[in-house]
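Student: I would like a close look at one part of this model. Please take me through it step by step.

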Amino acid sequence: MNLHKLIEILQVQTVSYEQFRMFAKIIREVKSIRDCNFYTHKGNIYVTKGQADGYPCLVAHMDTVHDIVEDLTAVPIGGNIIGINQATMMQTGIGGDDKVGVFMALECLRLIDPIKVAFFRDEETGCEGSYEADMTFFENCNFVLQCDRQGNEDFVVDASGIELSSSKFQFQIGPLLDVFNYQMVSGLMTDVMALKDLGLSCSAANVSCGYFNPHTAHEFVNIDSVEHCFNLVVSIIDQMGNIKFPHILKETGYWRNSAQNQWHAKSLYCMDCWAEEPTANGYCQSCNEYYSSMTGCR
Ligand SMILES: [Zn+2]
Ligand SMILES: [Zn+2]
């Protein structure tokens, strides 16, 4: 793993709605990697390396929650990296969420062939970029991994109630997770969840990538944990990168009010009896029949 590159990426300042520095940095990096084709669409970046029928895929988000300050210096200290504003000598969030994910995606792009990688804007404001994803890009993806989870042991298979992968995918990946001391857990909203919500037809997961205390000035990145995650991701792609793991979301579970940029729980059960599967109008078959027989209409 290239520590110098990690520090370089961590020093790029980026915040939601002002991520052009990171955008430009990524484009420059991608252009320096052989055999890469990229395009941008609605502020997101899509990269394909090599040629294959199916690709392993990594995604990351380009924004952080940390405001742009006079200076951001990444300071390695005791195996960790923190952010210091040299102008004030105050600690500031280093933005490992999700610069570590950006680093991971770029490193994999350098090392692995074939591979697809996508970078999304404005995840922190409600997955705005990924909700406008070009879904055709993902049609030939075998699975999609995102490194956008704090810590060093979580493999998120379920995000905000949205199932991200098939049992086959989880079964296949289990032994590798054991080797790397990762556990399958439920997690929160992030880009892979948005992609599933939009109908992504392969399995996906969100992986702990070594940042801690995200969204605070005390955030730090643990170098060993980043390397550990990198090795896990490379091993996954090595062992199963060329296998397609289809997975279709059976029931969305949530719907998004884009005007308010909020998520609302949608019941997995009939709104009335909470016992059976709902039809399109939210009521189950038997409740529909019951009520329509009462009112004479539907
Ligand atoms: Zn975040
Ligand atoms: Zn994040």
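What spacing do the donors of the zinc ion (ligand 2) follow along the chain?

Tutor: The donors of the zinc ion (ligand 2) follow H-x35-D-x50-D. This is a predicted model: local features need pLDDT of at least 70, side-chain atom pairs count only at pLDDT 80 or more, and totals for chains, interfaces and linings use all residues. Residues are numbered from 1 along each chain as its sequence is written, chains are lettered from A and ligands numbered from 1 in the order written, and side-chain values use heavy atoms, without hydrogens and water.

His-61 (NE2), Asp-97 (OD), Asp-148 (OD) and Asp-148 (OD) coordinate the zinc ion (ligand 2) at 2.0 to 2.6 Å. Donors are N, O and S atoms within 2.8 Å of the metal (3.2 Å for Na, K and Ca); water is not among the atoms, so sites may look incomplete. Angles among the 4 donor atoms run from 53 to 144°, and the site is irregular.

Asp-97 is buried, with a relative accessible area of 7%. Buried means under 20%, exposed over 50%, partly exposed in between (1.4 Å probe, protein chains only).

The zinc ion (ligand 1) is coordinated by Asp-97 (OD), Glu-124 (OE), Glu-124 (OE) and His-215 (NE2), at 1.9 to 2.6 Å. Its 4 donor atoms subtend angles of 56 to 156°, so this arrangement is irregular. Glu-124 is partly exposed, at 22% relative accessibility.

Technical notes:
Tetrahedral: all angles 85-135°; square planar, octahedral: opposite > 155°, others 65-115°.
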